[in-house]
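I opened a notebook for this structure and wrote down each thing as I looked it up. The entries follow in that order.

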Amino acid sequence: MAKLDTSAFGKNDIRGVFGKNVTEEIFNFAGKGYVKYVCAKTAKEPKDLWFSVTYDARLHSVELKKALIKGVTSLGANVIELGLAPTPLGYFSEVKKFEIDDKIIEVSGALIVTASHNPKEYNGLKMTLNRHSLGAKEIKEVAEFAEKEFENSRRSYYMPGEVVQYNIISDYIDTQLKNFPRMGASIKIVVDSANATGGLVAPELYRELGCEVVELYSEPDGNFPNHHPNPSDEKTLNDIKAKILETKADFGIAFDGDSDRIGIIDNKGYSIPGDQLLLIFALDVLKDFSIRGERPKIVSEVKCSQVLFDTINQKGGEAIMWKTGHGYIKSKMKEEKAILAGEMSGHIFFKDRYYGFDDAIYAGCRFIEIVAKAKNVDSNFKVSNLIEALPKTYTTRELRYPCKDEFKAVILKDLSEIIDRNPNLFGSSIRSIITLDGLRIIFDNGGFAMIRQSNTEPVFTARFEATNKDIAEKYKEIMVEQLDILTQKYEAESKIF
């Protein structure tokens with residue numbers, strides 16, 4: 001008997017290659033499985049449920065969106081279709097009350113068709129319920145419900161729910177204009193939307209804030225003709241760096257494919273790593289809390305600089321290290337009642353003055369606010385001054401080491417055993433090893449070597465920090481050497497069998 005392929009159902013979302021493990025059929029049954037999951041969790045009937053649906057600019061997102069809505073409504077649940085829009089606007093729909101046909105409607109969850117920063121042949125689905133992003137356990141449950149619906153599809157019934165269209169972009173912009181005064185009159189920024197979704201919202205909003213905006217690639221195009229939509233990849237930032245220098249802009253903002261991750265590039269063309277950016281936001285937020293004598297919690301991930309955690313603790317916050325992944329970070333943030341969180345990748349979550357979800361467009365507003373406040377004090381202020389004021393250390397950029405998914409867990413296990421047998425492998429004494437998410441090897445000298453499995457791609461991600469570049473690069477070379485040996489070993493063994 002044929003089975004539904006649920007291999008794209010992952011830890012943080014559904015994601016895979018369109019036409020292979022992401023198809024219209026899979027999305028149709030994912031919609032059914034999601035409705036069944038929500039009914040089981042809420043004890044509500046499908047007819048009483050409303051969900052929002054948005055999608056990104058990928059070439060196949062429209063057809064996947066249609067299949068998803070068909071699955072959701074086939075069981076009697078209802079949909080507010082928000083159209084092509086950034087992922088954060090899907091999250092925003094969960095905190096909004098919709099007035100439709102003289103009814104006030106609140107959605108129970110958001111369904112967002114996107115593969116974020118992945119190559120154009122990929123697509124996927126982010127799911128939420130009651131303002132909570134579904135994690136690995138919940139997604140597995142949705143997959144199980146979807147499989148049951150597939151098995152019973154010949155006996156299934158069809159009770160079409162309601163579908164209404166709604167343009168949420170203007171509501172979102174109006175909300176942000178209420179959150180922020182017209183503060184950007186002295187600020188020039190370059191905004192690179194990478195032909196994804198950011199261009200639908202961010203340039204207009206930032207102009208309304210008073211900024212002079214230079215646009216790059218605002219028109220959505222799923223072919224991503226100018227560059228890949230991933231500000232974590234330094235190669236994608238060449239155009240925005242050049243435009244900042246050419247126009248003498250104060251800084252630049254780059255978005256990923258669905259605008260939930262931000263990249264900030266300073267006036268000199270330096271792309272600010274995610275942990276430095278989070279620290280800049282944290283230092284700004286902590287000022288208000290310290291005045292009130294409060295010690296707020298701030299969450300970040302295992303790949304981030306030790307400087308981030310130490311400085312937050314020194315400046316009156318409580319820094320919490322957690323697993324990488326927007327779903328994990330959001331859950332930990334909610335559990336700890338944290339006011340701010342962030343990842344190396346540029347996911348920034350503000351609970352301070354906001355709703356707690358990752359919204360790169362909103363994060364851009366907060367950065368504009370920081371720059372505006374600094375310029376009000378010193379008209380000669382430069383964004384590069386923020387970087388120069390941070391504690392000094394040397395941290396490598398993120399290393400992305402290709403590795404087939406089936407080898408990642410066993411290679412990480414072998415690597416851990418190698419380090420146990422040879423604690424001087426890196427040439428520095430080991431203080432401790434954190435296994436929260438991969439391996440974070442902390443050395444007595446204050447540096448670290450860190451490696452983990454990517455949740456979404458066939459790669460390891462790694463990062464290294466030390467008091468100087470030579471030591472950090474040495475850690476990196478040793479890690480890569482071990483990964484080369486282990487990868488070659490398992491590649492050779494797989495060919496034998």
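Entry on charges over rings. I began with Arg 440, which lies over the face of Phe 448, at 3.9 Å from the ring centre. The model is a predicted one. I then looked up Arg 292, whose charged end sits over the ring of Phe 289, 4.5 Å from the centre of that ring.

Entry on Ile 442. Phe 448 came up again here, as one of the residues in contact with Ile 442 once neighbours within four places in sequence are left aside. Ile 442 is in strand 22, residues 439-443. I looked up its accessibility: Ile 442 has 7% relative accessibility and counts as buried, because the cut-off for buried is under 20%. I also took one distance, from Ile 442 to Ser 428: their C-alpha atoms are separated by 9.5 Å, and the two are 14 residues apart along the chain.

Entry on aromatic pairs. How many aromatic pairs are there? The count comes to 18. I picked the pair of Phe 180 and Tyr 362, with ring centres 5.5 Å apart and planes at 50°, so I wrote it down as tilted. This pair links distant parts of the chain, 182 residues apart. Phe 180 is in the loop between helix 5 (169-179) and strand 10 (188-192), and Tyr 362 is in helix 11, residues 360-377. Phe 180 is buried at a relative accessible area of 3%, and Tyr 362 is buried at 1%. I found both in a cluster linked by ring pairs, which also includes Tyr 91, Phe 251, Phe 281, Phe 350, Tyr 354, Tyr 355, Phe 357 and Phe 367.

Entry on helix 5. Which residues of helix 5 are buried? I listed Ile 169, Asp 171, Tyr 172, Ile 173 and Gln 176. These buried residues pack against strand 3 (78-84), helix 3 (87-92), helix 6 (202-208) and helix 11.

Entry on helices 8 and 9. Helix 8 covers residues 274-291 and helix 9 covers residues 306-314. I noted an angle of about 5° between them, with axes 10 Å apart. Helix 8 and helix 9 are therefore roughly parallel to each other. On the helix 8 side the contact is made by Asp 275, Leu 278, Leu 279, Ala 282, Leu 283 and Leu 286. On the helix 9 side I have Val 307, Leu 308, Thr 311 and Ile 312. The residues of this contact divide into eight nonpolar, one polar and one charged.

Entry on positive phi. Most residues other than glycine have a negative phi. I looked up two with positive values. Asp 101 has a phi of about 50° and lies in the loop between strand 4 (98-100) and strand 5 (103-105). Ala 194 has a phi near 60° and is in the loop between strand 10 and helix 6. Are these residues buried or exposed? Asp 101 is exposed, at 59% relative accessibility, whereas Ala 194 is buried, at 0% relative accessible area.

Entry on Gly 10. Gly 10 is in the segment before strand 1 (14-17). I have Gly 10 as partly exposed, at 28% relative accessibility. Not counting residues up to four places away in sequence, Gly 10 touches Ala 136 and Ile 139.

How values were computed:
Residues are numbered from 1 along each chain as its sequence is written. This is a predicted model: local features need pLDDT of at least 70, side-chain atom pairs count only at pLDDT 80 or more; totals for chains, interfaces and linings use all residues. Side-chain values use heavy atoms; hydrogens and water are left out. Axes are lines fitted to C-alpha atoms, for helices over the stretch in contact, and angles run from 0 to 180 degrees between N-to-C directions. Helices (H or I, at least four residues) and strands (E, at least two) are DSSP runs, numbered from the N terminus. Angles under 35 degrees count as roughly parallel, over 145 as roughly antiparallel, 65 to 115 as roughly perpendicular and the rest as oblique. Contact means heavy atoms within 4.5 Å. Ala, Val, Leu, Ile, Met, Phe, Trp, Tyr, Cys and Pro count as nonpolar, Asp, Glu, Lys and Arg as charged, and the others, Gly among them, as polar. Rings of Phe, Tyr and Trp (its six-membered ring) pair if their centres lie within 6.5 Å; planes under 30 degrees apart count as stacked, over 60 as edge-to-face and the rest as tilted. Buried means under 20% relative accessible area, exposed over 50%, partly exposed in between (1.4 Å probe, protein chains only). A charge sits over a ring if NZ of Lys or CZ of Arg is within 6 Å of the ring centre and within 35 degrees of the ring normal.
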